[in-house]
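Visitor: Hi, I'm new here. Can you put the structure up and walk me through it?
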Amino acid sequence: MDRKKRIALYGGTFDPIHLGHLAVARSVSRLFEIDELWFVVAQLAPHKLASPVTPALHRYAMLALATQADPRLLISTFELEATGRGYTVDTVAHFNATLQGTADLFFVMGADSWAEINSWREGARLLGLANHIVVSRPGYSLGWDHIAPELRLRVLDLRGLTNVPTWEESDKGKRVFITDAVMSDIAATDIRQAVRENNCQLNELVPQVVADYIRKYRLYRDSNGR
């Protein structure tokens with residue numbers, strides 16, 4: 001049966017891109033039959049303004065190296081090129097305007113982001129602009145009691161399923177899918193610590209080409225982790 005093209009957005013600072021990010025991207029793409037998954041590189045996450053961030057050129061280069069072998073994984077520089085602070089709601093609205101209804105749009109987020117969705121700029125509006133895929137992680141109690149009752153009606157809990165059942169949008173609006181298809185607990189802080197300690201574990205956290213890039217340009221070696 002014919003269906004619209006499916007495009008997913010996966011936002012973050014990606015400082016650096018690691019195997020957990022890639023596992024999420026590939027598993028979500030398989031599970032939801034995503035045709036294109038775009039990593040949207042943030043200048044700086046609005047909720048992490050106090051944290052130092054590696055220059056965008058390095059973060060983009062590592063992403064390019066990590067995704068070069070998979071044609072479904074693409075990179076958007078929309079937020080890097082934007083003037084002023086970038087917000088997810090503006091990014092998703094931009095993609096919607098560009099696509100003009102020619103594709104089904106999904107936004108991928110982690111359990112920690114989902115728990116903080118009420119603090120995001122225009123969080124309720126954001127949930128209405130695209131279908132959302134919330135990826136669980138070990139040790140997280142993931143629920144949806146923190147969102148408004150009318151938004152809870154859009155949630156589909158797919159944990160424990162290896163295939164997404166047939167679904168359609170209804171008058172409830174865009175869907176929020178909860179999945180545990182990827183249970184990765186890799187964190188960028190672990191990577192930065194591995195570099196500072198000259199720990200060979202780095203090769204188990206990021207693709208080899210990214211590990212080589214980090215060593216070549218001596219990233220994450222100072223006391224701030226950058």
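Visitor: Is Asp-157 buried, exposed or partly exposed?
Guide: Asp-157 is partly exposed, with a relative accessible area of 36%; buried means under 20%, exposed over 50%, and partly exposed in between (1.4 Å probe, protein chains only). This is a predicted model, where local features need pLDDT of at least 70 and side-chain atom pairs count only at pLDDT 80 or more, while totals for chains, interfaces and linings use all residues. Residues are numbered from 1 along each chain as its sequence is written, and side-chain values use heavy atoms, with hydrogens and water left out.
Visitor: Which side chain does Asp-157 meet in a salt bridge?
Guide: That's Arg-159, at 2.9 Å from N to O. A salt bridge here is a side-chain nitrogen of Lys or Arg within 4 Å of a carboxyl oxygen of Asp or Glu.
Visitor: How many salt bridges are there?
Guide: The count comes to 5. Among them, Asp-70 pairs with Arg-72, the closest N and O atoms being 3.6 Å apart. Asp-70 is buried at 12%, whereas Arg-72 is partly exposed at 31%.
Visitor: New topic: what does strand β2 pair with?
Guide: Strand β2 (residues 36-41) has 5 of its 6 residues buried. Strand β1 (residues 5-12) pairs with β2 in the parallel sense over 6 bridges; strands are DSSP E runs of at least two residues, helices H or I runs of at least four, numbered from the N terminus. Strand β3 (residues 73-76) also runs parallel to β2, joined by 4 bridges, and pairing takes at least two DSSP bridges.
Visitor: Which residue stands opposite Phe-39?
Guide: Ile-75, in β3.
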